[in-house]
Amino acid sequence: MTAKVTLAPTPQVDVSGATTLMTAAAFSLALSHPYLGAAIWAIPRIPCVGLSTVAVDAKWRLYYDPQVVATWTVPEVTGVLYHEILHLLRNHADRGRITNEPRRWNLAADAEINDDLVAEHIALPGTPVLPAQFGMPASLTAEQIGRAHV
C-alpha cells in the first residue's frame, strides 16, 4: 500500500517481536532476491502502532503496525516486505498522481503487485487483492486495472 502516513504519538508497546520478524523477513528476502538488496536495506522500517497494516511512502520509508506484523509468519512478513518494495520500485506513488481516487489507485496497484507475487508462490497474509477479483486478467498494469472495474 502506498500511503501518506501521519504519525501520532505511539503508545508504549513492545515492538521487539515485530522488529525481529521484520529483520528476519529482510534477510530472507535478500537471500531469495539478492537484486533487491539495496532497496531492502535502504528503507527505514518504522513501527507505527495503530496503522493496522504495512505501508510505504514516496520518501522510501516503511511503516508497520507491530501488533499486526506479530500475528504473521516470517514468510508472510517477507511477502509483505517484498510487496511494499515493489510499490517503491514500480514508482506507484508518482504514477498514482494521475487519479483523484487514491483508494481506487491503491487497490489497482496492490492487484498489479499481488498478481506477480502469487505467480512466484510468495506467501502473503489473508486474501490478497488480485485482478481476477475485478474480472480482469493477469499481468495488467495498475493503470489498466484502475481504469476498468476497481
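In which loop is Ser-139 found? Ser-139 is placed in the loop between helix H6 (102-119) and helix H7 (142-147), where helices (H or I, at least four residues) and strands (E, at least two) are DSSP runs numbered from the N terminus. The model is a predicted one, in which local features need pLDDT of at least 70 and side-chain atom pairs count only at pLDDT 80 or more, whereas totals for chains, interfaces and linings use all residues. Residues are numbered from 1 along each chain as its sequence is written, and side-chain values use heavy atoms, with hydrogens and water left out.

Ser-139 has a phi near 70 degrees, a positive value in a residue other than glycine. Its relative accessibility is 64%, and therefore Ser-139 counts as exposed; the classes are buried (under 20% relative accessible area), exposed (over 50%) and partly exposed (in between), with a 1.4 Å probe and protein chains only. Trp-60 likewise is a residue other than glycine with a positive phi, here near 60 degrees. Trp-60 sits in the loop between S2 and S3 and, at 30% relative accessibility, counts as partly exposed.

S2 pairs with strand S3 (residues 62-64) in the antiparallel sense over 3 bridges. Within this pairing, Tyr-63 in S3 is the bridge partner of Ala-55.

Contact here means heavy atoms within 4.5 Å. Axes are lines fitted to C-alpha atoms, for helices over the stretch in contact, and angles run from 0 to 180 degrees between N-to-C directions.

Pro-47 lies in strand S1 (residues 45-47). Pro-47 has 30% relative accessibility and so counts as partly exposed. Beyond its neighbours within four places in sequence, Pro-47 is in contact with Val-15, Tyr-64 and Pro-66. Its C-alpha atom is separated by 8.5 Å from that of Ala-18, 29 residues apart along the chain.

Val-69 itself belongs to helix H3 (residues 66-69) and is buried, with a relative accessible area of 0%. Leaving aside neighbours within four places in sequence, Val-69 is in contact with Ala-18, Leu-21, Met-22, Val-54, Tyr-64 and Val-77.

The packing of the helices on one another comes next. Two packed helices are described by the angle between their axes and the distance between the axes. Helix H1 (residues 16-32) and helix H4 (residues 74-89) pack at an angle of about 70 degrees, with their axes 8 Å apart. H1 and H4 are therefore roughly perpendicular to each other; angles under 35 degrees count as roughly parallel, over 145 as roughly antiparallel, 65 to 115 as roughly perpendicular and the rest as oblique. The contact involves Leu-21, Met-22, Ala-24, Ala-25, Ala-26, Ser-28 and Leu-29 of H1, together with Val-74, Val-77, Thr-78, Leu-81, Tyr-82 and Ile-85 of H4. By class, this contact of H1 with H4 has 11 nonpolar, 2 polar and no charged residues; Ala, Val, Leu, Ile, Met, Phe, Trp, Tyr, Cys and Pro count as nonpolar, Asp, Glu, Lys and Arg as charged, and the others, Gly among them, as polar.

H4 also meets H6: their axes come within 10 Å and cross at roughly 125 degrees. That angle makes H4 oblique to H6. On the H4 side, the contact is made by Gly-79, Tyr-82, His-83, Leu-86 and His-87, and on the H6 side by Asn-106, Ala-109, Asp-110, Ile-113, Asn-114 and Leu-117. The residues of this contact of H4 with H6 divide into 5 nonpolar, 5 polar and 1 charged.

Trp-105 also lies in helix H6 and counts as buried at 9% relative accessibility. Not counting residues up to four places away in sequence, Trp-105 touches His-92, Arg-95, Gly-96, Thr-99, Ala-142 and Glu-143. The C-alpha atoms of Trp-105 and Ala-142, 37 residues apart along the chain, are separated by 7.2 Å.

Methods. Pairing = 2+ DSSP bridges.
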